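Please look over the sequence and the structure shown here before reading on.

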Amino acid sequence: ASNNYTREYKPAGNITDVMGDSFVYFIEENDELGYTVYFGDGVIGAAPKVGNIINITHLDTVGAISNSISEFVFTQKISGTFSNNVKITTVDASYSGVDKETIEQIRFRAPQYYATQNRAVTVQDYESIITKGYNNIDAVSIWGGEDNDPPQYGKVYVSIKPTTGPFLTPPEKSYISETLLKSKNVVSVTPVIVDPTYIELELNTTVYYNKSRTTRSADELKTAVIGGIQNYRETYLQKYDGVFRMSKFNAMVDSIDQSISSNITTFKAYTEVIPKYSVASEYKINLVNPIYSEGVPVEAFKSTGFYLDDTDTIYYMDDDGIGNIRIYSIVSTTGQKVIYKSSIGTIDYDNGKVMISGLKIINLYEPNFYFIFKTSSFDIISVRNQIVDIPDSRITVNIIEDVVASGNYKGGTNYVFTKSRN
């Protein structure tokens, strides 16, 4: 090159927008698992001239492990008056790091990318564009406004579970909506990104076993059952179409060891709610799954504790069994409930909906605010932006020797019964 003139080449995007004078480059993985950078031929992309010097700068990362970093340390020195007064302020934690696609992921996504043709019309188009342009995605759910509850015509809803962390950050949401979708979706349709709603199941599993049929101790059997629950979680849950099926779960537990004669599992469903402090607010929860009801108060719905004033009184919410949400406190010496307000909202048992109006929370008793449900069914489904999960912290396993299965003719008189419902 005879001069110092430089021009930046950018990565090629939509191939239909690349002209003969477009200063773009292409990149692909080669047979040695490295990367090959190549340029246009003057028809598709501008061709560098003979003698041009090409400088390539690239960022080398370690994939998903580099996400969610919020603390940085300055390791170099700055000369000048303020060399000893350098401060680093993190605006947003690191994000977008992702591990290389697996062969199966490529096989699944490649036909979708081709069918999309770089426009967002169908639900499959939106999913293809988002997964192609943004890789920090563990699961995605997309539905039209007509399928929302309540219906919102002219909108398409996108919910993403990132690979790292439970929710996307505001910059990630902005990148997806403004950079990836805005130029590709139909003008009359507005994409809306919503956070996933996690339904956390608190499991209590009681396992009966015949001690004479195993070499494992009770503690070793407990560890094996917990491992089985964790595998069930990874296989069937933690995704938008995940379903907890009690029959499959019970069968899985029974199959862990030949000594297990039966198991009884009960659960409660937890949904976290973000409180609005010091202002009378409305809270709406659509669990979708029907809520248990006997027509009398059985705490089919309740909340964790909160404060309504500057006193030490801790308040909770529950249902009265006939469709009303109440606020109550507990007398510490007797454990008796004292109803503070007999109606702060309503509960629709059949449709799994809770609506609370005018609740003014000053502070929380615990770090997080949860609504807790007993459901009518022992199966839990997920709809739209819901994700069913079983966090490790919500797993309780009890191991009991089955004296009947052990052959003790008096075993029935010493049998330990377990309730089949919370």
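The sections below take up the cores, a helix pair, several loop and strand residues, and the backbone.

## Basis of the report

This is a predicted model, in which local features need pLDDT of at least 70 and side-chain atom pairs count only at pLDDT 80 or more, while totals for chains, interfaces and linings use all residues. Residues are numbered from 1 along each chain as its sequence is written, and side-chain values use heavy atoms, with hydrogens and water left out.

## Nonpolar cores

In soluble globular proteins, nonpolar side chains tend to be buried together. A nonpolar core is here a set of buried Ala, Val, Leu, Ile, Met, Phe, Trp, Tyr and Cys residues joined through side-chain atoms within 4.5 Å, where buried means under 20% relative accessible area, exposed means over 50% and partly exposed lies in between (1.4 Å probe, protein chains only). The largest such core has 47 residues, and those with the most contacts inside it are Leu201, Phe244, Phe306, Met317 and Ile356. Its largest share, five residues, is supplied by strand β7 (residues 197-209); helices (H or I, at least four residues) and strands (E, at least two) are DSSP runs, numbered from the N terminus. Another core, of 16 residues, lies apart from it and includes Ile130, Ile137, Leu180 and Ile193.

Contact means heavy atoms within 4.5 Å. When residues up to four places away in sequence are not counted, Phe306 touches a list of residues that includes Thr313, Ile314, Met317, Ile327, Leu359, Leu364 and Phe369.

## Two crossing helices

Two packed helices are described by the angle between their axes and the distance between the axes. The axes of helix α2 (residues 123-133) and helix α3 (residues 170-181) come within 11 Å and cross at roughly 110 degrees, which makes α2 roughly perpendicular to α3. Axes are lines fitted to C-alpha atoms, for helices over the stretch in contact, and angles run from 0 to 180 degrees between N-to-C directions; angles under 35 degrees count as roughly parallel, over 145 as roughly antiparallel, 65 to 115 as roughly perpendicular and the rest as oblique.

On the side of α2, Tyr126, Ile129, Ile130 and Gly133 take part, and they meet Tyr175, Ile176, Leu180 and Leu181 in α3. The residues of this contact divide into seven nonpolar, one polar and no charged, with Ala, Val, Leu, Ile, Met, Phe, Trp, Tyr, Cys and Pro counted as nonpolar, Asp, Glu, Lys and Arg as charged, and the others, Gly among them, as polar.

## Polar contacts in loops and a strand

Thr304 lies in the loop between β10 (301-303) and β11 (306-307) and is buried, with a relative accessible area of 9%. The side chain of Thr304 reaches the backbone nitrogen of Tyr370 at 3.0 Å; a polar contact is a pair of N or O atoms within 3.5 Å, and within protein one must be able to donate a hydrogen and the other to accept it, while residues adjacent in sequence count only if both atoms are side-chain atoms. Leaving out residues up to four places away in sequence, Thr304 also touches Tyr315, Tyr316 and Phe369, among others.

Asn210, in the loop between β7 and α4 (218-236), is buried at 7% relative accessibility, and its side chain is joined to that of Ser212 by a polar contact of 2.6 Å. Asn204, found in strand β7, is partly exposed at 32% relative accessibility. Asn204 and Asn398 are 194 residues apart in sequence and 7.8 Å apart in space, C-alpha to C-alpha, and a polar contact of 2.9 Å joins their side chains.

## Backbone details

Most residues other than glycine have a negative phi, and most peptide bonds are trans. The peptide bond from Asp149 to Pro150 is cis, with omega near 0 degrees, and Pro150 has its place in the loop between β4 (139-144) and β5 (155-161).

Ser278, in the loop between β8 (260-272) and β9 (281-286), has a positive phi of about 60 degrees although it is not a glycine, and it is partly exposed at 46% relative accessible area. Arg384, in the loop between β17 (370-373) and β18 (386-389), has a positive phi near 55 degrees and is partly exposed, with a relative accessible area of 24%.
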